[in-house]
Amino acid sequence: MEKISIVLANLMDRHGVPNAETVARIDLAAALENKSQSSLILLCGWAYRSDSQINIADAMLTYLETKYPHLAAKALCQRISRDTVGDALFSRIYLEQLFGRNHFSINIVTSSYHAERAHIIFNFVFSKLCIITVSGVNGFSSDDSSIKEQASLAAFRDTFEGIPPGDV
């Protein structure tokens with residue numbers, strides 16, 4: 001069974017330098033690689049800044065290549081997604097192109113405050129295609145992060161109401 005780590009981005013500056021939260025997510029993914037090797041590390045995110053053409057996935061790859069060069073060979077960028085739903089959907093399409101519908105497991109690496117919503121969304125998009133776990137870094141939640149996460153989850157459920165899980 002293929003094991004894949006999917007690292008979700010947070011933010012970066014206009015020069016493509018990931019913020020502390022994104023760096024912590026990459027660092028966690030690297031630490032997890034020391035415990036259990038993945039076949040692939042998939043870095044997600046688009047060129048979201050109006051003052052930069054850099055995809056945040058590429059910014060994460062540059063950081064990974066600099067700090068963890070031994071992991072760079074197994075890292076790929078998924079540069080299409082703009083949010084967590086997109087991370088799940090485009091990662092599924094990407095992984096099916098790479099591995100077909102063979103059985104694989106996914107570990108999503110994100111922040112702890114975002115872990116529950118990410119797990120729900122990835123489970124919905126991937127449905128029964130794979131085993132999904134989530135690893136989250138601590139220390140980045142704010143007073144209103146729980147409220148924002150619940151609002152985003154409600155919007156996700158409203159948007160996809162009536163659509164069968166796994167139906168892309």
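## Before we start

Contact here means heavy atoms within 4.5 Å. This is a predicted model, in which local features need pLDDT of at least 70 and side-chain atom pairs count only at pLDDT 80 or more, while totals for chains, interfaces and linings use all residues. Residues are numbered from 1 along each chain as its sequence is written, and side-chain values use heavy atoms, with hydrogens and water left out.

## The sheet

Helices (H or I, at least four residues) and strands (E, at least two) are DSSP runs numbered from the N terminus, and two strands pair if DSSP finds at least two bridges between them. Five strands make an open sheet with parallel pairing, in the order S3-S2-S1-S4-S5. Strands S3 (75-78) and S5 (130-137) are at the edges with a single partner strand each, so one side of each has no neighbour in the sheet.

Strand S2 (residues 40-44) runs parallel to S3, and four bridges join them. Cys 44 has Gln 78 in S3 as its bridge partner.

## The cores

A nonpolar core is a set of buried (under 20% relative accessible area, 1.4 Å probe, protein chains only) Ala, Val, Leu, Ile, Met, Phe, Trp, Tyr and Cys residues joined through side-chain atoms within 4.5 Å. The largest has 22 residues, and Ile 6 and Phe 122 are among those with the most contacts inside it. Helix H4 (112-126) is one of the elements giving two or more residues to this core; its six residues are the largest share.

Leaving aside neighbours within four places in sequence, Ile 6 touches residues including Leu 42, Cys 44, Leu 95 and Phe 122. Another core, of 21 residues, lies apart from the largest one and includes Val 7 and Cys 77.

How values were computed:
Buried < 20%, exposed > 50% of the residue type's maximum accessible area, 1.4 Å probe, protein only.
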